[in-house]
Amino acid sequence: MRYGAKVLFDDVSTAFTDGRRYGLTGPNGAGKSTLMKILSGEMEPQKGTVVRPRKLGVLNQDQFAFDAYTVSDTVIMGNKRLWAAMQERNTIYEKSEITDEDGMKLGELEGIVGEEDGYTAETDAAILLQGLDIPDELHNRSMSELQGGQKVRVLLAQALFGHPQALLLDEPTNNLDLDSIHWLQGFLNQYDGVLIAISHDRHFLNSICTHIADIDYETIITYTGSYDDMVVAKTQVRSQIESQNAQREKKISQLNEFIARFSAGTRSSQVQSRRKEVERLQVTELARSNIQRPFIKFEPKRSSGKHILEVERLTKSYGDHEVISNFTASITRGEKIALMGRNGAGKTTLVNALLANSPTTPEAELRKTSGYDGPFLDSGRVIWGHEASIGYFAQDHRTLIEKGSTALEWLGQWDPSASNEELRGLLGQMLFAKEEATKSTTVLSGGEAARLLFCKLMLQKPSVLVFDEPTNHLDLESINALNIALQRYQGTVFLVTHDHDLIDEVATRIWHFETDHHITDFKGAYEEYQTVNA
């Protein structure tokens with residue numbers, strides 16, 4: 001498959017074996033989603049063939065495709081053979097008079113329903129939905145009534161329904177909270193068919209994968225083991241090839257020197273044999289890897305005071321719905337706090353309440369990202385300390401980048417004293433090629449917008465960083481670079497994320513949002529928190 005001059009896959013032959021769970025990896029733009037579409041039959045390859053099992057579970061990316069159906073029916077539709085039989089059976093039963101032919105057809109349809117476990121379909125669908133935190137009272141509601149994150153979970157249940165022989169999951173953890181991700185990991189580890197999953201969540205891949213199918217060098221190379229195992233193996237293989245090439249080049253150089261010295265002399269037979277050896281030793285062509293690693297480095301311009309933030313009895317409701325009740329906390333410089341809990345528990349609400357009372361975050365910016373025009377806290381106090389300058393990465397981060405300018409122009413407004421060379425250097429660190437500096441902000445992808453915001457934060461050098469779901473549009477290399485940057489950062493961090501490794505390796509303190517509007521404040525790393533709350 002190629003797009004113009006860009007080759008995604010060239011003459012690839014590979015097999016995905018029953019009982020194995022594959023992570024499909026590669027940087028943004030490598031062709032992961034394209035390959036998924038080819039495997040599912042949604043897209044045809046330009047050359048070659050794909051052999052598929054009869055029953056295939058695919059995570060549907062269109063959140064609005066099933067708005068006319070109930071939640072339960074949407075899940076059952078994941079088993080196409082069962083759904084078609086049930087629909088045809090219902091049509092016959094609705095007839096005012098059933099013929100002998102209809103009776104025979106009903107017998108055939110009931111056989112299919114039985115074979116496909118149709119008599120327990122609603123119960124099976126309910127179990128999947130409960131595991132993905134869709135409460136019972138929503139199961140018979142219309143899909144159009146659900147929020148975006150809930151729809152994604154129903155579509156995930158649809159893909160898992162009916163024991164498919166193969167499962168194709170493109171970013172299954174998007175919009176899932178950590179509890180749902182952990183449930184999904186457990187479910188997939190029990191799955192005995194072929195699983196192929198695209199994910200930018202390293203912990204998720206390490207937890208479920210028996211193999212990694214890596215798209216790079218215009219082909220697909222399968223490695224045994226987890227994602228981390230693949231990274232080690234891939235590095236070793238490439239180093240080995242580069243080492244062999246260096247030795248060959250040295251040998252070729254020596255042979256060419258001999259040929260040049262004696263080609264006109266009496267050693268013609270030796271010269272001829274060395275020419276043949278040079279041909280045999282030609283360097284293995286190293287296809288260029290398309291993996292690029294950004295360099296992120298956050299550093300405060302000035303150190304803040306030791307007591308960076310005091311929160312006193314903070315309370316926030318939306319109408320009659322209480323979200324946060326009487327939350328009090330004291331934060332010192334250098335703490336890195338992970339805000340955790342179910343989707344909708346109030347993490348972004350708390351972030352907005354803290355930022356609305358900060359000295360450096362414009363209220364208009366918060367209104368734009370949140371779409372909320374009411375008060376950000378109902379009662380209580382938020383007191384920021386000395387030299388607290390805040391850098392903010394919103395969940396809806398694209399709204400923070402005005403359209404109509406170039407990436408370079410947009411970045412330059414945040415520090416008028418920065419030279420063009422400095423700005424281009426920052427953009428280069430975040431993988432914007434030279435010509436991409438003049439790219440319009442109107443056409444930036446989600447990943448490019450995220451990387452441009454990182455450039456802004458590196459330029460501003462704030463003493464406090466607030467990140468609300470920063471990994472949603474990043475590939476694994478960028479997430480890893482962010483992880484390392486936050487570990488090394490000397491300032492204070494507030495981090496909302498469902499990325500297990502990011503929480504595990506960065507956080508020094510946990511704020512866990514409980515279901516009763518209470519926030520558990522645990523002073524310690526995530527691993528300690530899990531042990532205490534096991």
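Predicted model: local features only at pLDDT ≥ 70, side-chain atom pairs only at ≥ 80, totals over all residues.

Residues are numbered from 1 along each chain as its sequence is written, and side-chain values use heavy atoms, with hydrogens and water left out.

Helix H1 itself covers residues 32–40, where helices (H or I, at least four residues) and strands (E, at least two) are DSSP runs numbered from the N terminus. Among the residues of H1 that are buried are Leu35, Met36 and Ile38, and here buried means under 20% relative accessible area, exposed over 50% and partly exposed in between, with a 1.4 Å probe and protein chains only.

Further along, an open sheet of three strands has the order E10-E9-E12, with antiparallel pairing; two strands pair if DSSP finds at least two bridges between them. Strand E10 (321–332) and strand E12 (379–384) stand at the edges with a single partner strand each, so one side of each has no neighbour in the sheet. From one strand to the next, the twist averages 15°, an angle taken between N-to-C directions on a scale from 0 to 180 degrees, with axes fitted to C-alpha atoms, for helices over the stretch in contact. Helix H11 (residues 347–356) packs on this sheet and touches E9, E10 and E12, its direction making about 125° with that of E9, where contact means heavy atoms within 4.5 Å.

Another open sheet has six strands in the order E13-E14-E15-E11-E16-E17, and its pairing is mixed. Strand E13 (390–393) and E17 are at the edges of this sheet, each with a single partner strand, so one side of each is left without a neighbour. Within the sheet, strand E14 (residues 464–468) and strand E15 (residues 492–496) run parallel and are joined by five bridges, whereas strand E16 (residues 509–513) and strand E17 (residues 519–522) pair in the antiparallel sense over four bridges. E16 and E17 form a hairpin with five residues between them, and histidine 517 in the turn has a positive phi of about 70°.

Finally, consider the cysteines. The structure holds zero disulfides, a disulfide being a pair of cysteine sulfur atoms within 2.5 Å. Cysteine 209 counts as buried at 9% relative accessibility, and cysteine 455 is buried with a relative accessible area of 0%.
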